[in-house]
Amino acid sequence: MEKAMSHNPNTNACGESDSAVVPTKCPNKGAVRPAEGMEGRALAKKNHDQASTCRTQSRESVSQGLAGVRQAARQGKGKKVRFTALMHHITVELLRLSYASLRKDAAAGVDGVTWEQYGTELESRLKDLHERIHRGGYRAQPSRRVYIRKEDGRQRPLGIATLEDKVVQQAVVTVLNLIYEEEFQGFSYGFRPGRNQHQALDALNVGLRRRRINWVLDCDIRGFFDNVKHEWMMQFVEHRIADKRMLRLIQKWLQAGVIENEDWTETEAGTPQGAVVSPLLANVYLHHVFDLWVAAWRRKSAKGDMIVVRYADDIVIGFQHRAEAERFWRELGDRARKFGLELHPEKTRLIEFGRYAKANREQRGEGKPETFSFLGFTHYCAETYQGGYFTVRRKTIGKRLRAKLREIEDELRKRWHESIVVTGKWLRSVVQGYFRYHAVPGNFAAWTTMVREVTRAWLRALRRRSQRDRFTWQRFQPIVKQYIPRPRILHPEPGPRFDARIQGRSRMH
């Protein structure tokens with residue numbers, strides 16, 4: 001029908017006959033006829049088949065020039081196409097969008113400028129920043145070193161960039177994402193537009209249940225962000241990026257150094273955790289060190305089934321045969337050392353896991369199948385409630401739940417003299433945030449533990465506010481019902497959600 005319309009001289013731009021009594025206005029949707037016509041103007045010339053703007057996967061409006069970058073990357077995939085002119089896409093408008101996308105409550109860098117302070121004279125600041133970027137006057141400032149406590153008691157270093165550096169980095173990431181999203185492998189999920197932890201968890205769960213997986217290699221790269229080699233990083237970026245000004249920007253951020261206790265330290269290796277550009281650079285590094293290599297290994301060397309799921313530097317690989325898993329482990333260690341990385345000798349381990357693990361271990365007189373942790377959940381072999389078929393269940397990692405409860409108790413001590421309404425609203429937001437991530441099927445024990453312990457901690461805090469305790473459990477119950485959410489499942493089963501997302505296009509694992 002569309003072909004007939006396009007060759008009919010008696011039809012207008014909307015595909016309607018000229019003999020119609022009332023001409024209709026066509027929206028800018030190409031040759032698609034509107035469901036309900038509107039009276040008015042004729043179609044804008046040469047504007048019916050292309051929108052003026054497009055949207056990135058992160059839902060940000062971008063120019064048609066950026067859409068051209070994505071199209072060129074898609075057409076040049078696998079052909080080693082290098083982009084020689086990208087800096088002209090760093091416009092004032094893109095810098096403005098980058099500023100708006102940053103967290104408003106983030107900590108300030110070494111210059112002490114916050115998001116709100118930078119926005120007081122936003123337009124003049126962005127124009128000056130744009131001018132300095134394009135004439136080569138922009139200088140990256142050192143990151144401010146801070147430490148956050150890890151679950152095991154150690155300190156994790158973070159680098160807080162200045163707000164101006166964050167704006168430029170976010171603009172560069174927006175441009176480079178259009179290129180690398182056409183390059184990255186499907187089993188890579190970390191810090192990518194339109195992807196998240198639960199998609200990685202779904203892919204892993206589906207792969208373990210549907211494929212013939214009997215062994216799982218749980219990989220941990222020791223100090224990945226601190227050991228990235230700058231020379232290799234720049235070589236990897238130059239595989240696709242040939243714009244010298246863009247390369248100089250990336251090099252400036254890598255070599256800007258950190259300031260700790262007013263002392264500047266040069267960074268000869270690594271990318272600062274906390275910088276806007278670090279997740280993308282980490283993905284580029286691991287794409288060349290791991291993703292391309294493991295995809296070729298699976299295609300050329302694997303005889304049995306094999307699945308791969310990677311979220312940043314957290315990697316889980318499933319194998320059908322133990323011999324292949326052990327060989328892969330050895331070769332992966334050699335591959336990592338070549339590029340300055342090392343598999344953690346204690347945290348990287350091979351375990352028997354799958355539908356036959358329980359029976360095989362019982363036959364050998366061993367205990368239950370071992371478990372492994374990935375993205376905050378402990379994965380373990382289980383059976384369905386109906387039929388007793390093999391399945392994979394997930395529960396919140398115990399030490400992380402205990403650490404979260406300790407954090408809430410410490411904060412409640414600081415809030416002893418706040419009103420019940422203020423503390424209740426804060427607790428509700430904390431519990432809801434916990435549920436949004438952890439409320440997966442089969443994790444009910446963790447939810448009930450969270451609610452029970454938070455409720456008890458709040459009651460203890462209220463009772464300690466005064467020597468005359470007036471809070472009985474009966475009086476406290478209505479307050480709990482008002483502010484503490486009840487546990488409920490917020491995520492569907494992994495299989496249906498995974499199938500709905502990919503719709504048969506790709507295995508994605």
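**Aromatic pairs in a predicted model**

Phe444 and Trp447 sit three residues apart, about one turn of the helix, in helix H16 (residues 444-463); helices (H or I, at least four residues) and strands (E, at least two) are DSSP runs, numbered from the N terminus. The model is predicted: local features need pLDDT of at least 70, side-chain atom pairs count only at pLDDT 80 or more, and totals for chains, interfaces and linings use all residues. Residues are numbered from 1 along each chain as its sequence is written, and side-chain values use heavy atoms, with hydrogens and water left out.

**The pair in helix H16**
- The ring centres of Phe444 and Trp447 are 5.3 Å apart and the planes are at 75°, so this pair is edge-to-face. Rings of Phe, Tyr and Trp (its six-membered ring) pair if their centres lie within 6.5 Å; planes under 30 degrees apart are stacked, over 60 edge-to-face, and the rest tilted.
- Phe444 is partly exposed at 48% relative accessibility, while Trp447 is buried at 3%. Buried means under 20% relative accessible area, exposed over 50%, and partly exposed in between (1.4 Å probe, protein chains only).

**Pairs across the structure**
- A search of the whole structure finds 21 aromatic pairs.
- One of them is edge-to-face, Trp232 with Phe339, at 4.6 Å centre to centre and 70° between the planes.
- This pair links distant parts of the chain, 107 residues apart: Trp232 is in helix H9 (residues 230-238), and Phe339 is in the loop between helix H12 (322-338) and strand S10 (349-352).
- Trp232 is partly exposed, at 27%; Phe339 is buried, at 5%.
- Ring pairs join Phe224, Phe225, Trp232, Phe236, Tyr285 and Phe339 into a cluster.
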